[in-house]
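Have the structure open while you read.

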Amino acid sequence: MVNAAMRRQGLRRLGAVASAVLLAASGLWAGEVDVEVDVEVDVARDQDPRTERPSTVTVFPPKLKPLWLEALRGPEADLRRQAAQTIALAQARGMPDLADTAGPLQQTLDASDEHPVVVLATAQALIALDARQAAPRLFEHAMHDGLEMAQLVEPALARWDFQPIRKVWLDRLSTPEAPRRLLVLAIRGLCAVGEVNAEPRLRELALARNVPSDLRLEAARALGGLRTEGLEDDARKLAADKSASAIVDRLVGASLVRRHRGEAAEALLVEMAVDGEPSVAAIALRRLLEIDPVLVLPVAGQAVASDDANVRRLGAESLVAWRTPEAIEQLGPMLDDPHPDVRKYVRRSLLAMAADERLTEPVIRVAVAMLSTDRWRGLEQATLALVALDQKPAVDRLVELLEFERPEVFVTAAWGLRRLAVPSTLDAMFDKARRETERTRARGAAEYDVERQISQLFEAFGQMGYAPSEPLLREYVPKAVPFGELTRSAAIWALGHLHAGKPEPELAKLLVGRLSDLNPLFPECEAVRQMSAVSLGRMHADDSLPTLRRFMRNETVGSPVGYASAWAIHQITGEPIPEVTTTRVPRLGWFLEPID
């Protein structure tokens, strides 16, 4: 243990030295940063104004439970089965005050002539209710009613640590002819309750090559869960053969030491962490991370280069825990990881580390390096990271990426330009929006991803007050055009910003028309109507008040258009927005419901 501790201290000192050297050499776009760890592509018009939607509370009609209990006492077995299953379902869905159904359920369970399917459903309901008082009777049924009942009940008895079943499991474990699925239940149950008397037999099963592989692995996992030391020699022998035919042996070995610690176990786990079989490496890496992430550093490079996403993620976790510029350099390329969960984890972790002023510049450096590539996965994540770090020098590259072939990049680039809000980019952004408008007219139909991109550019024009965009934005107001609701609603929202506090009669008339268009055959889309109301309010278009009041009343404040109308009235007159009330929604759809 002394040697292991000294080794970890040495690695930490190395990290500190590397951090000092890299920070001294850096000359990046630094400055104070306000890190948004979970930054994602958003839509400005969803937040400005933020629509208050009515909250909903699920309620359960009070007559449901009496009705189900009546069915549970009824003469038809199928109704009794459905009643028991429904009580279990209702418990899972959060219905309150079901504990008192345990008594009637137990009476059904105890009926001597009850149909087996009803008994099974009743047992399921009692387990869902966590009715531990029923454990003795459930135990009896598990012993006599077959495999399906045992598979349902025995895990619950393990959770409740029902003592009498321990002997059953131990006896089953020592019975060679025991059915395999029952044996698995015994192994898992003994591990769950921490039964140390099972250890010798579990070891025999784990090491016996004539035992089926699934049972060996179950026994090894259980024994590894019970023991925290002493299995290193067994695991080392099993891990010695690196051939493909010995994968099960190596998995068994890794499982045996999955909770071990100490210098011998750590050395063995480091060896297993570079195993060619990803499932072996993952077990070892996970344990090393639990003990001390520094232990993974010698093999982190191999882990992050693995073909397996789970292994790469574990390697990344060790580098994140190290929190040094050297670790960040190794994490940078993982912004382009093939697996979306891995690359998102890396990006969020880098942003979290960037909150530490010692690590801000290294994080920026790796994100900038990725932004200079043509790898679409990395470009998307690097853009998100640099925008979260408010790195305005990135805008020139983002303008270039507006032309990238994949929507993950060209949409994110447009969003990034909007968020970074650098005025010098507006002319290039406008040129892109103009060209795409011409292409859409020529095609006669809008492309969804292009709409997403252009809507971001339109929102940027509104937020930055880019007056030259107004004629283009106005082209998107009429309904009879080949543009979709994303760009049209964004254009109308942006026009409201361009004319904020300065009503323009012709535009206000157009927006009133969009808000009022409820043509039964071809009505205006809700998003366009909502943003029309918002922009009328932002412009302070007094003449639109009668229309706004009508739609506030007709569509209620709880709807998007109704709330937008109320918000607009508030902007124009100062009248308070009516409170959005909570809606009580009854949970229905049960097999039996009251008529009244």
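## Charged pairs and a packed helix

R209 is exposed, with a relative accessible area of 60%. Keep in mind that this is a predicted model. The partner of R209 is D249, and their side chains meet in a salt bridge at 2.7 Å, N to O. D249 itself is buried, at a relative accessible area of 9%. D249 sits in helix 14 (residues 247-256), while R209 is in the loop between helix 11 (199-207) and helix 12 (213-226), so this pair ties together parts that are 40 residues apart in sequence.

What brings such side chains together? Side chains of opposite charge can pair when their charged atoms come close. In this model the count comes to 55 salt bridges. Here are three of them:

| Salt bridge | N to O distance |
|---|---|
| D249 and R209 | 2.7 Å |
| R166 and D161 | 3.0 Å |
| R514 and D517 | 3.1 Å |

Now for how open these residues are. D161, at 30% relative accessibility, counts as partly exposed. In the R514 and D517 pair, R514 is buried with a relative accessible area of 16%, and D517 is buried with 12%.

Salt bridges can also join up into a network. One such network links E403, D431, K432, R434, R435, E436, E438 and R439.

Let's zoom in on D517. Where is D517 found? D517 lies in the loop between helix 29 (505-516) and helix 30 (526-539). Besides its salt bridge with R514, the side chain of D517 reaches the backbone nitrogen of N519 at 3.1 Å. Leaving out residues up to four places away in sequence, D517 touches K479, F522, P523, E524 and R529.

Finally, have a look at helix 17 (residues 297-304). Which residues of helix 17 are buried? They are L297, V299, A300, A303 and V304. These residues cover an arc of only 140° around the axis, which puts them on the same side of helix 17. An α-helix has 3.6 residues a turn, so residues three or four places apart point the same way. And what do the buried residues of helix 17 pack against? Their neighbours are helix 15 (263-272), helix 16 (278-291) and helix 18 (309-322).

Technical notes:
Residues are numbered from 1 along each chain as its sequence is written. This is a predicted model: local features need pLDDT of at least 70, side-chain atom pairs count only at pLDDT 80 or more; totals for chains, interfaces and linings use all residues. Side-chain values use heavy atoms; hydrogens and water are left out. A salt bridge is a side-chain nitrogen of Lys or Arg within 4 Å of a carboxyl oxygen of Asp or Glu. Buried means under 20% relative accessible area, exposed over 50%, partly exposed in between (1.4 Å probe, protein chains only). Helices (H or I, at least four residues) and strands (E, at least two) are DSSP runs, numbered from the N terminus. The arc is that of the directions from the helix axis to the C-beta atoms. Contact means heavy atoms within 4.5 Å. A polar contact is a pair of N or O atoms within 3.5 Å; within protein, one must be able to donate a hydrogen and the other to accept it, and residues adjacent in sequence count only if both atoms are side-chain atoms.
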